[in-house]
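This report describes the architecture of one protein chain for a reader who is new to structural analysis. Please keep the sequence and the three-dimensional view at hand while reading.

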Amino acid sequence: MQEDNVAAHLESCSSPVAAEANVSPEKKRKVNKTSYENHSWITKTTDGYVCSVCQEFGIKGLHEKGKSKGTWVTTPLSLGQSRKLSDNASKHANSAAHQAAVAASQLMRGPGPLRQLVRASNEADVRDSHATKTLFRSAYLMFASEIAHTTHWRELVSTVAASDSSGRLTKFLTGCPANAHHLSSSAVTSILEAFGQAIESEMRERLASVTEFAVMADESTDKSHVEKLSICVWYLTGTKVVETFLGCWSITSTKAGAVHQAIVDNLAKFGLSEEQLVAASFDGAANMSGERGGVQALLKKAAPSLIFVHCRRNLLQLALVRVSNAIPEMKQVLMQLTPYIHCFLTVLFG
Ligand SMILES: [Zn+2]
């Protein structure tokens, strides 16, 4: 009833993991008199035997530094060593690394201040993550509704905290130090930037498989008189055309060369290059659509078969403006319809 029996039993064990768990205490006592009784930490996996204590509580790097080179922890003791399981287990039990792990496990599992601290810290983590989720949802509501987020952030968070009957968020906000309560306008800007980064990385993954695409871009000046360039791409997924808004960036000049460079640079952020372009669509401005020196012409240098289309949405806009200028009644109808169209689009696309 020595190692041979232990090995035979372990080999016949149906579950590849945690052989101990599948053995009734009585049977285990009869069969595993040596290794398992002496070393309750032995766990059998499909790759070999490991030490459950060292795996959970081992001090990082300590096992690899010893003679064992990580055996029982990062490198399971091979199943072929079953015959010498007892000897190997005893050696491991006497190693400094194992004893340190046992001491750590006793500290963590036993009653005492350390355990209480760990539990309190875990509970605080759960509470904090709840509060953070609520803050993120509140911020997202404002971004999606295009509400000025920095000016309304504190009011919104206060309202949400007041309507939370569990008082979790209030406790979180009042319990944090002043530099970590997430109520400043820079906190909401950071959340907005984090959303942006997450969306950008998701888009990068989605666009990684795109081989050919069309680009739509437009530049205009914002309220602060800063020139902005927005870019959309169109590509095929199977037979479905997908339109993706990549973003809006500041540009230093509206000259064709600068706009072209900005388009190329920003496409590159998503792993797209101008050589992959099959079509482009801009408004009728000479810097964008010009056949000789416009962005269209510059893109064609890299993608000679590129098809240029004067943006149909821009043409519709021009037609509507011209009609409304000529017919006052039409202008009134369009002015009254605009907020409804905006509302409809917001409901439709968020
Ligand atoms: Zn160990």
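Glu155 is exposed, because its C-beta atom has 9 others within 10 Å, and a residue with 12 or fewer is classed as exposed. The structure shown is a predicted model. Glu155 belongs to helix 9. The C-alpha atoms of Glu155 and Leu183 lie 9.2 Å apart in space, although 28 residues separate the two in sequence.

**Overall composition**

The protein contains 16 helices and seven strands. Of its 350 residues, 21% are buried.

**Helix 9 and helix 11**

Helix 9, which also holds Glu155, spans residues 149-163, and its axis comes within 8 Å of the axis of helix 11, residues 185-207. The two axes cross at roughly 110 degrees. Helix 9 is therefore roughly perpendicular to helix 11. On the side of helix 9, the contact is formed by His149, Thr150 and Trp153. Helix 11 contributes Ser185, Val188, Thr189 and Leu192. Sorted by class, this contact comprises three nonpolar residues, four polar residues and no charged residues.

In soluble globular proteins, nonpolar side chains tend to be buried together. Which residues touch the most other members of the largest nonpolar core? They are Phe213, Val215, Val233, Ile263 and Val295, within a core of 22 residues. At least two residues of this core come from each of the following elements: strand 3 (213-221), strand 4 (227-237), helix 12 (256-268), strand 6 (277-282) and helix 14 (295-302). Val295 illustrates how such a residue is surrounded. Residues up to four places away in sequence being left aside, Val295 touches Ala256, Val259, His260, Ile263, Phe282, Asn287 and Met288.

Trp72 is situated in the loop between helix 5 (62-65) and helix 6 (85-94). Trp72 is buried, because 30 other C-beta atoms lie within 10 Å, and 20 or more are required for that class. The phi angle of Trp72 is near 85 degrees, a positive value in a residue other than glycine.

His225 also has a positive phi angle while not being glycine, with a value near 65 degrees. This residue is placed in the loop between strand 3 and strand 4. Is His225 buried or exposed? It is exposed, with 6 other C-beta atoms within 10 Å.

Ser68 is located in the loop between helix 5 and helix 6. It counts as partly exposed, since it has 19 C-beta neighbours inside 10 Å. Apart from neighbours within four places in sequence, Ser68 is in contact with His63, His92 and Ser95.

Trp234 is part of strand 4. It is partly exposed, with 15 other C-beta atoms within 10 Å. When residues up to four places away in sequence are not counted, Trp234 touches Phe213, Ala214, Met216, Val241, Val242 and Glu243.

Val210 is found in the loop between helix 11 and strand 3. It too is partly exposed, with 17 other C-beta atoms within 10 Å. Val210 touches Tyr235 and Leu272, residues up to four places away in sequence not being counted.

The table pairs each of these residues with a partner farther along the chain.

| Pair | Separation in sequence | C-alpha to C-alpha distance |
|---|---|---|
| Ser68 and His92 | 24 residues | 8.2 Å |
| Trp234 and Val278 | 44 residues | 10.0 Å |
| Val210 and Tyr235 | 25 residues | 7.1 Å |

**Helix 15**

Helix 15 covers residues 312-326. How many of its 15 residues are buried? The count is zero, and the helix is hardly covered. The expected span is 1.5 Å times one less than the number of residues, so the 15 residues of helix 15 should span 21 Å. The C-alpha atoms at its ends are 21 Å apart, which agrees with that expectation.

Conventions: Residues numbered from 1 in each chain as written. Predicted model: local features only at pLDDT ≥ 70, side-chain atom pairs only at ≥ 80, totals over all residues. Axes fitted to C-alpha atoms, helices over the stretch in contact; angles between N-to-C directions. Helix = DSSP H or I, 4+ residues; strand = E, 2+ residues; numbered from the N terminus. Parallel < 35°, antiparallel > 145°, perpendicular 65-115°, else oblique. Contact = placed C-beta atoms within 7 Å. Nonpolar A, V, L, I, M, F, W, Y, C, P; charged D, E, K, R; others polar. Core = buried A, V, L, I, M, F, W, Y, C linked by C-beta atoms within 7 Å.
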